[in-house]
Amino acid sequence: MLIELLHINEYVYLKNVDIYFSEGLNVITGETGTGKSLLLDVIGSFLDYQNLRSDTFSADMVLYIPEDIEKYGISKGQHIFTVERKNKRIFYKIDGKLVGKDVAQSIVSNVVTIHKQNSHMKLLDKDFILSILDNVAENSELLDEYTNLYREYQQLIRILSKSDIDVESKKAEELRERIEEIERVNLNVEEESRLESDYKRALNIQHLVQNYNTAYQQLEEIEYSLRKIYSLIEDELHNLLDSAVESIAELSNKISKELSNLEEVNLDDIETRLSVYRKLRRKYGPTVEDVLSNLSKWKAELKEIERTIEILNNASVEKLRIEKNLEELANKISDRRKDAAKQILSKTEKHLRELNMNARIDFSFESKALSNDGIDDVELVGSTLSTGQLYPLRKIASGGELSRLMLAIELSLVSTYVLVYDEIDAGIGGLTAVKLADKLSELSKNHQVIVVTHLPQIALKADKHFVLQRTGDIGAVVELSDSERAEEIKRMFGGSEIIEAIDDLKRE
């Protein structure tokens, strides 16, 4: 795998720039202030790199991938990765197809590693030291298992510290009473609507029945009164009276039939059922929908409280079980970290000697209470003396020594095909610079190495040499010919005058 081409459409003052990297050692030089690190910003934008110096940029990177990546449907061969930032949002594409950030960064991170300037300061960060050890020890699966169990343990601790079984039991009982009260009556929104309609209709029927009964009674009284009139009037008037009595009788029959046709509705039953709805709405509403929503919520709360009570009832046993499992996992992780430390140390010490640094280093392991990352409190300790006590690096190492130490560790941890270094020569000079150049040259036999440097010793080893030039607001990246390389390396040494002065010293 290697970066074949980096095309910068736009980034700060770099516009429409093409850089064709080769296998081996690629060196980028230039005057101070030309912005050599901008090139590495762009490569970093394809990774999880946040320190971007422009809100708008666009770049393409052609990666040669020597084997299929089935997980993402990437086949062997050249692939164009595109990154674009607009309005503070970043978009990624592979071969012109929009992909998620995680997909693009996952693929590129398996190909490219960037070592930024001053990264040696990470050696003073205990979390960084642990990440190195876990990476070499391949602890990711164990750590995932440990982290999940530790999260469960923390939840248990919080429950034990904040919960009281009597209080939780009282809450549960209150919730059960509410839930039972609601579920017992089997509320239904459609039923309530139907009951309201039936109630209005029943009221109307009741009113009609009362009116008909009253009319029927009054008609009976009228008929009785009319019949008494027969004895009070002449026979020739009886015909007229008969007509009145018949009309009253006919009306009474019709009212009687209407009463028998009216549906009998039990208003009391309807009122009783509606009163249940009204009561529960007042207590848990204001609407039936609210009552049913609260019912669902209280069921979930009850389930959680019952789980809490169950945990509390078994808290001591559960806590001991989880602690035992955590300790077993933590010890496994710790043992593998210690084995990884030995592997790293054996390689790092060799690289340190070759970088002209006589130092003893070690990983200091101290046990701590169970925490989110295990039981190890680890830091790097060392000494520049051949014997004696080892001290934390933060107390004894200079910036240059830390830089060389970080480089030695990085060289022992090389894991990707492409290695990008941003001014790792900080604080390094003289014979150590020569040793560093040899190291990078050796590394480039099996890896593509891209280096931003001020050291001519490194530039002399380059398989390809680029120089970044800047004129005003325009930047350019130029691939140097052999003669141009010679001039650039002269400049890096301090110019022809310095070289001539050295030759004069030789002749004296």
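Q: Which residue in the turn between strand 6 and strand 7 has a positive phi?
A: Some ground rules before that one. This is a predicted model, where local features need pLDDT of at least 70, side-chain atom pairs count only at pLDDT 80 or more, and totals for chains, interfaces and linings use all residues. Residues are numbered from 1 along each chain as its sequence is written, and side-chain values use heavy atoms, with hydrogens and water left out. Helices (H or I, at least four residues) and strands (E, at least two) are DSSP runs, numbered from the N terminus. Now the turn: strand 6 and strand 7 make a hairpin with two residues between them, and Asp-95 has the positive phi, about 55°.

Q: How many bridges join strand 6 to strand 7?
A: Strands of a sheet pair through backbone hydrogen bonds, either parallel or antiparallel. Here two strands count as paired if DSSP finds at least two bridges between them. Strand 6 and strand 7 (residues 97-99) have three, and run antiparallel; Tyr-92 stands opposite Val-99. Strand 5 (residues 77-86) also pairs with strand 6 (residues 89-94), antiparallel over six bridges, and Phe-81 has Ile-94 as its bridge partner. Those two strands form a hairpin as well, with Asn-87 in the turn at a positive phi of about 50°.

Q: In what order do the three strands of the open sheet come?
A: The order is 9-10-11, with antiparallel pairing. Strand 9 (360-371) and strand 11 (391-392) are at the edges with a single partner strand each, so one side of each has no neighbour in the sheet. Helix 3 (residues 126-137) packs on the sheet, touching strand 9 and strand 10, and its direction makes about 100° with that of strand 10. Helix 10 (residues 315-354) packs on the sheet too, touching strand 9 and strand 10, at about 170° to the direction of strand 9. Those angles run from 0 to 180 degrees between N-to-C directions, with axes fitted to C-alpha atoms, for helices over the stretch in contact. Contact means heavy atoms within 4.5 Å.

Q: What sits over the ring of Tyr-13?
A: A charge sits over a ring if NZ of Lys or CZ of Arg is within 6 Å of the ring centre and within 35 degrees of the ring normal. For Tyr-13 that's the charged end of Arg-470, 4.0 Å from the ring centre. Arg-178 likewise lies over the face of Trp-298, at 4.8 Å from the ring centre.
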